Amino acid sequence: MMNPKPAWRPDEKTIKETRLYQWMHSLGFSSYEAFYEASIKHTDWFWKEAEKAVGIEWKVPYQSALGQQSVMWPTWYKGGTLNIAETAIDKWANKEETKNHPAIIWGNEAGEQTKWSFLHLQDKVNRLAAGFLKKGLQKGDVAIIYMPMLPETVAVMLAFAKIGVIFSPVFSGYGSEPLAVRIRASGATIVVTGNEMTRRGKWINMRECVADAIQKTNTVETVIVHSATDTGYKEDTILNDLFKEMPVAETTYVTNEEPLMILYTSGTTGTPKGAVHTHAGFPLKAAFDAALCMDVKTGDRLFWLTDMGWMMGPFLVFGGLINGASIVLYDGAPDYPDEKHIWSFIHQQEVTHFGLSPTFVRSAMQQNIADIQLPHVKAIISTGEPWNEAPWQWLFNTIGQRKIPILNYSGGTEVSGGIVGSTLLRPIKPILFNAAILGMAADVYDETGRSVMNEVGELVVKKPWVGMTYGFWNEPKRYEDTYFKRFAGVWTHGDWVKQTEDGEFHITGRSDDVINTAGKRVGPAEIESILVGHPAVHEAAVIGVKDEVKGEALVCFVVADSPSVKEEKLIQELSTHVGSHAGKALTPKEIHLISALPKTRNGKIVRRLLKGAYEQHPSPDLSSLENPNVYQTLSDYMKRKHEK
């Protein structure tokens with residue numbers, strides 16, 4: 001891996017103004033390195049200080065932060081009771097100086113906008129809670145939330161939290177089958193949905209999709225629909241009517257061993273895994289990472305281009321509101337009705353922290369938006385997949401004008417946030433993570449379980465942390481096998497990473513995508529970055545296939561910048577380009593020019609499907625894909641190639 005020079009360096013003023021610097025010094029630490037070591041050595045002490053730093057409100061104080069110290073099944077904040085809705089809303093709505101601050105800022109692709117203050121959000125949540133209780137909903141019930149990115153969606157989540165209903169937000173773009181799968185897996189008795197939503201100006205009937213999903217399941221008893229008109233289903237409860245109830249003041253208090261929500265992962269094979277999260281688990285970790293990694297402060301405006309069904313949706317809600325920041329929601333396609341629409345929205349709403357994915361950036365590079373200005377943005381946060389250097393540099397130089405730091409952030413649904421990230425106290429290099437996140441005992445292991453430096457290996461976490469999933473819903477053994485089977489007593493995350501002596505990390509892909517060619521282990525992202533560095537390449541994905549000589553050989557799939565390129569000439573150029581940059585041993589066996597890569601609905605490239613198409617496997621479950629037709633197109637293409 002290259003060792004690039006820093007692209008962004010913090011000045012002394014920037015460092016001293018961060019919440020992290022001020023908190024660290026208040027606890028007697030003068031360097032991030034010393035503070036990090038203390039955070040992973042003294043686990044109980046650290047997470048006690050962490051919850052105080054983000055201002056968690058407790059009904060009954062806990063006895064110790066870390067109770068049972070099992071790495072697989074730790075218990076946190078034993079003896080304490082709380083309800084996270086009080087920290088996220090009431091703490092700010094009950095203060096004169098913050099009650100009228102915007103809690104939610106919302107806009108959509110049609111140009112509609114609205115704002116809800118903390119006081120208004122509190123009123124909406126309390127009215128909904130009253131309506132839910134009146135409908136017979138109670139603590140321990142499970143509800144699926146299948147709604148667009150709306151202020152009402154946030155109100156539903158927090159009202160469920162307030163009365164102890166366990167909620168599971170599901171991607172709003174799913175069809176009936178993946179929705180039914182999640183209803184069955186959770187055993188949900190309640191579904192909350194929108195009646196309709198628009199994407200690229202077209203109306204999509206969500207209620208019909210729910211009806212179809214319910215026919216495939218047998219647990220749903222209550223359907224609540226956000227609608228201004230009659231839905232055509234007599235059994236529906238109209239969400240808008242529940243907002244008319246007299247607000248309820250009572251709150252259901254819970255221990256931290258009782259679930260708050262279930263987040264299903266977006267895997268492309270097998271049944272989805274339901275990560276269970278608690279009131280002082282996911283919300284606390286999200287708020288901590290937002291505050292101390294991203295420097296989100298009271299009055300800031302945090303925006304993430306996401307859906308509530310992806311982990312960063314709930315992260316946005318709790319990471320923003322618990323810190324007294326405004327959460328900025330956007331409903332719709334970012335480049336509709338024009339390419340500058342989302343950028344204009346960010347500018348207009350004075351967003352201070354903008355969360356995105358490298359996939360979004362690669363798409364934006366193809367658009368006519370070079371004159372975009374983001375004067376209010378203090379930090380851009382990237383998550384979801386590894387970077388290639390060319391789009392990172394474009395974002396930093398063109399959009400950020402070399403002034404806005406890009407904070408890499410990686411963890412996952414089961415983590416409640418990040419394992420590695422970027423701190424504003426250190427210089428930032430292109431595509432790299434400049435630190436392990438406080439409280440996360442991150443390391444890199446080789447195949448034997450030995451800690452390695454400057455070698456690619458498995459990203460692991462050696463100690464428990466607040467926010468780690470409380471197992472998988474109704475599947476404790478699957479949880480244990482998924483994360484603790486590889487190395488006993490150590491969380492194996494599934495990322496392929498290289499760590500340096502400087503405390504930097506380079507994620508090169510998922511470890512199950514690793515390629516071993518001629519005795520050399522290589523992550524797909526390393527070769528993909530070289531390919532994307534060629535001016536004719538827009539996107540690339542790399543897989544390993546069986547090879548009699550090398551064991552595995554590289555096969556590359558490339559989306560060209562222009563459809564008019566001469567295929568044979570470009571393939572030869574790219575083969576030489578990879579060989580000259582990565583070494584002749586890593587020259588690809590094959591390079592294929594294709595029109596699109598298969599991606600999940602949150603933008604991740606699915607290399608397993610590329611391999612499946614290459615090896616002519618039967619079509620798998622494609623419900624989590626943004627572009628499911630791509631698999632069949634690829635499969636047909638590879639069949640023709642193999643027949644020649």
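A cavity is a set of points, on a 1 Å grid over the protein atoms alone, where a 1.4 Å probe fits but cannot get out; lining residues have an atom within 4 Å of a point. A volume is the space filled by probe spheres set on the points, with grid points joined across faces, edges and corners.

This is a predicted model: local features need pLDDT of at least 70, side-chain atom pairs count only at pLDDT 80 or more, and totals for chains, interfaces and linings use all residues. Residues are numbered from 1 along each chain as its sequence is written, and side-chain values use heavy atoms, without hydrogens and water.

**Exercise 1. Describe the largest cavity.**

Step 1. Take the volume: the largest cavity holds about 150 Å³ of space.

Step 2. Find the lining. It has 19 residues, and Pro74, Trp76, Thr278, Met468 and Tyr470 lie nearest the centre of the largest cavity.

Step 3. Look for the main contributor. Strand β15 (residues 274-278) gives the largest share of this lining, three residues. Strands here are DSSP runs (E, at least two residues), and helices are H or I runs of at least four, numbered from the N terminus.

**Exercise 2. Describe the second largest cavity.**

Step 1. Its volume is about 60 Å³.

Step 2. Name some of the lining: the residues include Leu20, Tyr32 and Gly421.

Step 3. Two elements give two or more residues each: α11 (282-293) and β23 (435-436).

**Exercise 3. Is Thr251 buried or exposed?**

Step 1. Locate Thr251: the loop between α10 (239-242) and β13 (254-255).

Step 2. Thr251 has a relative accessible area of 15%, so Thr251 is buried (under 20%; exposed is over 50%, partly exposed in between, with a 1.4 Å probe and protein chains only).

Technical notes: On a 1 Å grid over the protein atoms alone, a cavity is a set of points where a 1.4 Å probe fits but cannot get out, and a pocket is an open set with protein on both sides within 12 Å along at least five of seven lines; lining residues have an atom within 4 Å of a point.
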